[in-house]
Amino acid sequence: MPTKQSNQALYYAHSGKREDLSDGQTLLSHLSKVSEIAEQNAQWFGAQQLAKYTGLLHDLGKYCPEFLKRLKGGKVRVDHATAGARIAVERWQLMGKLIAYCIAGHHAGLANGIDKGQQRSTLDDRLKLKPGIDIPHLDPVWQQEIMLPTHLKLPAIKPHKIWPGFQLAFFTRMIFSCLIDADRKDTNNYYRRLEEKENAESIYPPLPALRERFNAKLAEIQQKLATQPPKSINQLRQRILNHSRKQAELPPGLFSLTVPTGGGKTYTSMAFALDHAITHQLRRIIYVIPFTSIIEQNANVFREAFGDLAEAVIEHHSAFDDTKLPNNDARDTLKRAMESWDAPVIVTTAVQFFESLFADRPSQCRKLHNIAGSVIILDEAQTLPLKLLRPIMAAIDELALNYRCSIVLCTATQPALKKAEGFINGFENVREISPDPLALFTELERVTVKNIGEQTDEQLLRHLQEKEQVLIIVNNRRHARSLYDSMKKLKLEGATHLTTLMCAKHRSQILEKVREDLLQGKLCRLVSTSLIEAGVDVDFPCVLRAEAGLDSIAQAAGRCNREGKSEPKDSEVLIFQSPDWRAPPELEQLAGNMREVMRNHSGNFLSPGALTSYFNAVYWSKGEELDKKKILETHNNHCRQLSFPFQNIARDFRMIETMLKPVIIEFDDKAERLLQDLEFAENESGIARQLQVYLVQMPEHGFKELLQVGAIKPIKPEKFGDQFWRLTDPDLYDGGAGLSWDNPVFIEAEKTII
């Protein structure tokens, strides 16, 4: 046991309802409980001892009369985190320094080691604070209540040959996570007991029960398909599913699931994850999706499959609407689950997942320890941002190497990230789950890809006139709008437009009508930006795609003859260059790599071999830009003295850097009611989530221009600050085109938006 009880409990961690603190939580009780929970949290990666003593020392600075006075109503601020950090370093030197980061940052966040320039004090500065001068003296009673070992031992981490600094910083964040979660759990439980409520422990159905429901759903689907001919696409999906499930017995580690679009990878990946987790006694499944536009769609697929056990699925993203939950307790439970990720199935975004792994703030880091012991499905793995690709790969590798995780790179367009494929220091021992991807692409070949060279807008309009059902995908919103306006002038029937300048609710309505028109054989001529490639289920007989990366071409092809109802020769994907609308430099470089592959591959441009050649060319041309902010190098440079700049790293690891500002569109009656409710709301969080589907994200220049002409106004700025802005000029929002106006500043800003 790390503690022993003193004769008298003099100090308290938290005050209760009584002025004399007789119902307060004693400091010894809090430290002991946090230590115990943190130790449990760390068991999945073998760091119980370090987590245990991090918990025991985190509030050591409360052993002083000054903090006791504060609990009794004093207004003086007391630094209660530095003392424990200092003791850890004095007692355990460099090992203690890893703990010191966590203790010193358990309120404000992980600090830089020595690098200044951030608002937060560096750890080095904190450790130089003098007791009795800069921070309070500790009452020696703490040494009677807390027993510390002479030595601490780092767990048996399998070393990374290239990035040892990254490994140690990653490990520190994991210990930090164990502490933050334990501290918040015990504090929350204490106050719940004070209110005579039960401890806030979530009880979820076990994975075997979820698999039973999931299998029942799959059996139901299979029964419906029993009458399909043997060569049908649905039979092929079943074969992929059956083969993939057999691979679940393979040892944990890195996997790939390479399935062409329409091959059923959503069900297959979840089935594999359930089987694999149960076989190897892993504890949860984390489904990571690149786009918020499809996250709810996938989460609903899983909920439907799990039936009456659907509460096991937690969505963690900004658009989730928690107001549908029955009561405040249910909402509190959901909030804790979203913060801690302790549910059996987590569905989240790539931004949320990876930025958390490099984060410095307690709220983001709390869940990290619960990633250990998980099966992680990375959906659409090819969308990982190039500028951060190497740090992301290092995190994936580390989770598999030392945190008992299995990671599945799941996509139709598998990125060439393996060492065997030529990627320097790439992934090793990646096992393919699906049966023979090359043969699958041949069997699921449903389109003919052609490069038709330059196409002016006039020529593109002729395509739209000649074809009754056609999709054109272009590289920026202004081009899409221009083609749509031209269609309207020509009075083309079925003219439709899709853009991120529409709110999500508007886009959903348009897509619903597009699917219905396609199914009924009605005229449907859709012009869209690349957003339609993000897992949107539409099936056009012909698709035209402006030049882009080969992976984008492959995704566009997935919107053509999706269900295989026509012959490939009758289902064309036509690639074109636009002399009227040049692609941004970044996209032009990817298009150049695509053209090179098409010149060198006379066969199927979308085959796994062609895609591997494409990704090799992209990665070679990017070189050091695959870690543009030198995040891995920064970790290594600060490794010797463990002086990691945690704040700088968190600042630099941003998957989305474009500054966009949200504007609320009063699109329908519900949006109008929500805006009225917001005017009088005490707690805006539930309303804010419901309003997500009515937002349009604006480039900063365009936002400022709207503000200047009075077209947008803040909602209750005295209460919400600049959190909520609404469009007050309805003429600027068009039912067919979304948000638009003829302002030169907006047009310039739009040039940067793909």
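**A walk from sheet to helix**

Start by selecting L254 and V430: in strand β9, V430 is the bridge partner of L254. Keep in mind as you go that this is a predicted model. Now widen the selection to residues 254-258, which form β3; this strand runs parallel to β9 and is joined to it by 3 bridges.

Next, bring up the whole sheet. It is open, has 7 strands with parallel pairing, and reads β5-β6-β4-β7-β8-β3-β9 in order. Look at β5 (313-316) and β9 (430-432) at the edges: each has a single partner strand, so one side of each lacks a neighbour in the sheet. From one strand to the next, the twist averages 20°.

Select residues 265-279 for α10, which touches β3, β4 (284-289), β6 (345-349), β7 (374-379) and β8 (406-411). The direction of α10 makes about 155° with that of β4. Then select residues 350-357: this is α13, lying across β4, β5, β6 and β7 and running at about 90° to β6.

For the last stop, move to α19, residues 504-519. Colour H506, R507, I510, L511, V514, D517 and L518, the buried residues of α19. Looking down the helix axis, you will find them within an arc of 130°, so they line one face. They pack against β11 (469-473), β12 (495-498), β13 (524-528) and β20 (733-734). Turn to the face pointing away from that buried side to find the exposed E512, K513 and L519. Finish at G521, which follows α19 and has a positive phi, near 75°.

Conventions: Residues numbered from 1 in each chain as written. Predicted model: local features only at pLDDT ≥ 70, side-chain atom pairs only at ≥ 80, totals over all residues. Heavy atoms only, no water. Helix = DSSP H or I, 4+ residues; strand = E, 2+ residues; numbered from the N terminus. Expected span 1.5 Å × (residues − 1). Buried < 20%, exposed > 50% of the residue type's maximum accessible area, 1.4 Å probe, protein only. Arc of directions from axis to C-beta. Contact = heavy atoms within 4.5 Å. Pairing = 2+ DSSP bridges. Axes fitted to C-alpha atoms, helices over the stretch in contact; angles between N-to-C directions.
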